[in-house]
Amino acid sequence: MERPGRRMPAGQQYPPSRSGSQTGNWRHRLWGPVVGFGLVSLAADMVSDGARPLGGPLLAQLGASALFVGLVTGAAEAASQGLRLVFGPWADRTGKYWTFTMAGYVLTAVCIPLLALTPFAGTAGMALAAVLIIGDRVGKAVRSPAKTVLLAAAAGPVGRGRGFAVHKSLDLAGALLGPLLVSAVLVATGSLPAAFAVLIIPAAAALVILVWLRRRVRDPGADRPVADPSGLPEPPRGNPPGGRRRRSPASSSCSRWPGSSGAPDWSPSASSPIT
């Protein structure tokens, strides 16, 4: 039915109202990326938080002193927090938020399961374990600022407050399930390498979900123009706000003073202000 006083173009119809199933599919599409990022954080936190309580015992088993264990764990946490000040602005300058997110998760997914091999590395095992423990926390610093940007973009349609709440709940669930998983493996086997090795399962799951999300969530910095190296903002292009193009004094004077005689033309025209 057409609106009064308005004729619809030929072949054009008003959009039909959504049915219940269509509304459910639409909500599923909106919430899918938010829940996906939450599941990635859940799996990644199972890996990282599951391995964190075992880092000290592993280093001690490899012959490290209490001082060395404290230095390694302290350096790892300092890297996790302090390097965000480096990778956050770096991600902003390049606009490659997905690159930093993927790199950070890959670091965690690779470093933690490799700790299972350090008891078999001989004299280099202790140094290798220290590098891997710190590498895991560096991965956290690399991905956290960029992932927050991606999550904010994905949660916009559903509400950033609700989106971040759902994501944080899944994140904390992973921080709980990780230690429970490694504790169960330790009770069953009594082996630290086995406890680290089982974490390859959530690590692989996090990467699979992340690849799935990469194909569905656009990088917010993909269409952003590259910043000028001089630091000066680019001049505005196109029409100014309001939709009217400003006329230079020369062009306006020429419209009022046509011809070469210098006398004004008072005849009405399309460009004349007289109506």
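Author: Let us start with a term: a salt bridge is a side-chain nitrogen of Lys or Arg within 4 Å of a carboxyl oxygen of Asp or Glu. Please keep in mind that this is a predicted model.

Reader: What does E77 form a salt bridge with?
Author: One partner of E77 is R137, and their closest N and O atoms are 3.6 Å apart. Because E77 sits in helix 2 and R137 in helix 5 (residues 125–155), this pair ties together parts that are 60 residues apart in sequence.

Reader: And is R137 buried or exposed?
Author: R137 is buried, since its relative accessible area is 6%, whereas E77 is partly exposed at 30%.

Reader: Where does R52 come in, then?
Author: The side chains of E77 and R52 also meet in a salt bridge, at 4.0 Å from N to O, and as R52 belongs to helix 1, that pair links parts 25 residues apart in sequence. R52 has a further salt bridge with D49, at 3.0 Å from N to O, and these two residues, three apart in helix 1 (residues 20–61), are separated by about one helical turn.

Reader: Which residues end up in one network?
Author: Through shared partners, salt bridges join D49, R52, E77, D136 and R137 into one network.

Reader: Switching topic, where does G82 lie?
Author: G82 lies in helix 2, which covers residues 66–82, and with 36% relative accessibility G82 counts as partly exposed.

How values were computed: Residues are numbered from 1 along each chain as its sequence is written. This is a predicted model: local features need pLDDT of at least 70, side-chain atom pairs count only at pLDDT 80 or more; totals for chains, interfaces and linings use all residues. Side-chain values use heavy atoms; hydrogens and water are left out. Helices (H or I, at least four residues) and strands (E, at least two) are DSSP runs, numbered from the N terminus. Buried means under 20% relative accessible area, exposed over 50%, partly exposed in between (1.4 Å probe, protein chains only).
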